[in-house]
Amino acid sequence: MKKTFLLICFSIYCTITIYGQHNAISFHSPLNIPLKLSANFGELRSNHFHMGLDFKTNKTEGYPIFSIDKGYVSRVRISPNGYGKVVYVNHPNGLTSVYAHCSKFNAVIDSVMQMLQIEQGENEIDVFFTVNEIQVEYGELIAYSGNTGHSQGPHLHFEIRNTETQKALNPLLFGFEIADHISPEINSLRLYSLTQEGYIIPGKIQKLSLPNKNNGQITAVDTMSIQSNFLCEDGYMGFSFEMQDLFDGESNLCGIYATRLEIDDQLEFCQAIDSIDFIDSRYINSHMDYSAFTNEKRHFQKTFRTEENPLDIYPCDQNGIKKVEAKKVYHLVFSAKDFENNKTTLNLKFQADSTSFMSCSDIFPAEKYLLPDSSYTYKNEKIRFLISKNTFYEPVLKNLSLKAPFSIGDAKQPIQKTITVAIKSPEIDSEKYYVQVITSGGVKKALNSKLLNGWITAASEYLGAFSLNQDKTAPTIIAYNFNIKNQKISRSQIAWKIQDATTSIESYDLYVDGIWKPVYFDNKSDTIGFEIPKNFSGKHQFKVVASDYCKNTQAWEATLNIE
Ligand SMILES: [Zn+2]
C-alpha cells in the first residue's frame, strides 16, 4: 500500500519537474491569515474520514481565498448540503485543490454560475469546466470563506486530490506548515475477543484506562490480565486505542497520523493516513469501534482489520488479529505519531491467565445473523427488503419482521451500502406516502421515497423498524427578516424561512416581477435570501414557491416597496 502511494507521489513530482513552475513547497497559501487548524486530514467523523484540512477564519466569513497554484477551475458546485459553495482547481502538476463552504465566489465564477443557474432554472448545480474556460493564476483570488453547506461554523475546508484518481491526499505532504511540537495522547485501550475473520464476538470487550501523560512514554506496570472465558478456544484477539492529537497553541483535538503495534517485537499492525479514496471513506465504520462511538461518543481506532476493509491507510500486510496462548505473557508496544514525528509509545504486558477458553463453534449462526459476504432478499405481498453483498462490516443481528411493524437488522449497526425498502402502497397513484425508519436511539427519519409499480420505495442508510407514513401538509413560507406590513423595506437582503414539518424541502423557487431568480438555501436557518440589486427601489412583486418530497406545494406572494 505504501509503495503505491510513493509511486503516485513520484509521478506527481515528475510532472512538477516537467511542466510546473512551482514545486510542492512553493504553493501559495489559500488564506492571507496565519494557517491554524480546526481539523486535520483523516480525523474521525460520523460515516467518513475528514478528507482535508479545516483552516480557522477567526470565527467570521468573507476572507479572500487564493488558488494555491496556477491552473483552471474544473468544477464548481452550489448545494445546501455537503461542501455548500465549493471551487475545484486543477493544476498542471496533476493535483486538484478544493475550497469548500465558501460564502461567495469571485466575480467571474459568480457571473458564470448565475448564468448557468438561470439557464437550467436550478438553484443547486454542479458544473464541470474544461481547461480553456476559467483559468486562474498562482495566488489568484477565487472565492471568499464562509459557512455554507454542512459546516458547523465559519472556516475554510481545503483539500488536495490526485486529479486523475480523485483520491484525497494529506495536504501536509505538500509543505503546508502547521506548528506542532505536541505528542499525541493515548488515553485508553480496549481488547476484543475475535473470530478468525476479525469480527468482534458480541459482549467480549475488556477495557483499560491509561494514565493520561503527555511525555511520549506510557508504561503500564501491571500485567493486563485477560479474563477467563473471554477468548475462544482458537485464541484470536485484537486491540483498539483511544487517542488524540493537538497542534501548538490550539485546543482542537485532531486525528492521529500514524500508528504501529508490535507484540514480542513482531509487527502486528500499522496505519499511516497519507491518502483516502472517497469510495472507501465510509469504511471508517469498520476502522473504528463503532459501538463505542454510538453508545459513548468515543473514538477507538482498531489495530486489527477484516478482509472486507479496503482502506488504503494500512501500509503493512499484517491484519492485527492476534492468536494468543493461555498463560503466556506478551509484551505489547504501541506507538502513535503525528505528521511532525512527535510520538507517544505505550508499553504493556498482557496475559490470558485462564486455561478455559470458550467453546466457539457457531458464534454467528446464519438463521440469527446477516453476514457481510451474503446478499439477501426478503419479501411478501406487503414488504420487500433487498440487501446487496458487502452491506455489513460485521455480522448483524437479523431482527427480521415481514409483518407490520416491519423491521430488519440492529438499528445501532452502521451499513456500508443502502438497503432497498419497498412497502405496498394502499393507493395506486398516491405520491403522498413515504417510508419512515426508526433507527438508533428511536430517531425517526423520513426517507426520500418514490412510488414504483404500486410500491413506495426508498434507499435506506439505516437499519431498524420501517413503516409507511403520509405527508399531506405543504411547507410553510414566512417572511424571515422583514415585516410585510412595513411601508418600505430598506434592507440589502430580504429572506424567507421555508420549512416542512414531516419530510423535507425538495425545491424552492423565487420569482421577482415574474422572473425566476437564483437563491441559496441555508439549511442552518432554513432560509433563502435575495440580494437587492442597486437601483431597485420602488414596488416589486415577489413570489416564493416551495415543495416537499411528497409533492406538497406552497406559494407565498406579496408586493414589496423597496426603499
Ligand atoms: Zn472540513
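**First stop: a loop residue**

Start by selecting Asn58, which sits in the loop between β4 (53–56) and β5 (64–66). Strands here are DSSP runs of E with at least two residues, helices are runs of H or I with at least four residues, and both are numbered from the N terminus. The phi of Asn58 is near 50°, a positive value in a residue other than glycine. Asn58 is exposed, with a relative accessible area of 52%. Exposed means over 50% relative accessible area, buried means under 20%, and partly exposed is in between (1.4 Å probe, protein chains only).

Before moving on, two notes on what you're looking at. This is a predicted model, in which local features need pLDDT of at least 70 and side-chain atom pairs count only at pLDDT 80 or more, while totals for chains, interfaces and linings use all residues. Residues are numbered from 1 along each chain as its sequence is written, and side-chain values use heavy atoms, with hydrogens and water left out.

**Another asparagine, then a proline**

Now pick Asn535, in the loop between β43 (527–531) and β44 (538–548). Asn535 also isn't a glycine, yet its phi is positive, about 55°. With 81% relative accessibility, Asn535 counts as exposed.

Next, go to Pro405, in the loop between β30 (396–397) and β31 (406–408). Show the backbone there: the peptide bond from Ala404 to Pro405 is cis, with omega near -5°.

**The disulfides**

Time to show the cysteine side chains. A disulfide is a covalent bond between the sulfur atoms of two cysteines. Here the working rule is a pair of cysteine sulfur atoms within 2.5 Å, and the count by that rule is 2 disulfides.

Select Cys232 and Cys360 together: they are joined by a disulfide, S to S 1.9 Å. Which hand does the link of Cys232 and Cys360 have? It is left-handed, with -90° about the S-S bond. This pair ties together distant parts of the chain, 128 residues apart: Cys232 is in the loop between β18 (224–226) and β19 (236–244), and Cys360 is in the loop between β26 (343–352) and β27 (369–370). Cys232 counts as buried because its relative accessibility is 2%, and Cys360 counts as buried at 16%.

Then move to Cys270 and Cys316, a disulfide with sulfur atoms 2.1 Å apart. This pair also links distant parts of the chain, 46 residues apart, with Cys270 in strand β21 (residues 266–272) and Cys316 in the loop between β23 (300–302) and β24 (322–323). Both Cys270 and Cys316 are buried. If you number the bonded cysteines in sequence order, the pairing is 1-4, 2-3.

Two further cysteines to click on: Cys102 is buried at 0% relative accessible area, and Cys550 is buried at 2%.

**Zoom out**

Switch to cartoon view. The protein has 4 helices and 45 strands, and its C-alpha trace spans about 85 × 65 × 40 Å along the principal axes. Of the 563 residues, 52% are buried. Now look at contacts, meaning heavy atoms within 4.5 Å. Among contacts with a separation of 6 or more, 69% come from residues 24 or more positions apart.

The protein exposes about 25,900 Å², with carbon and sulfur atoms supplying 48% of it; accessible areas come from the Shrake-Rupley method with a 1.4 Å probe, and for residues only the protein chains shown count as cover.
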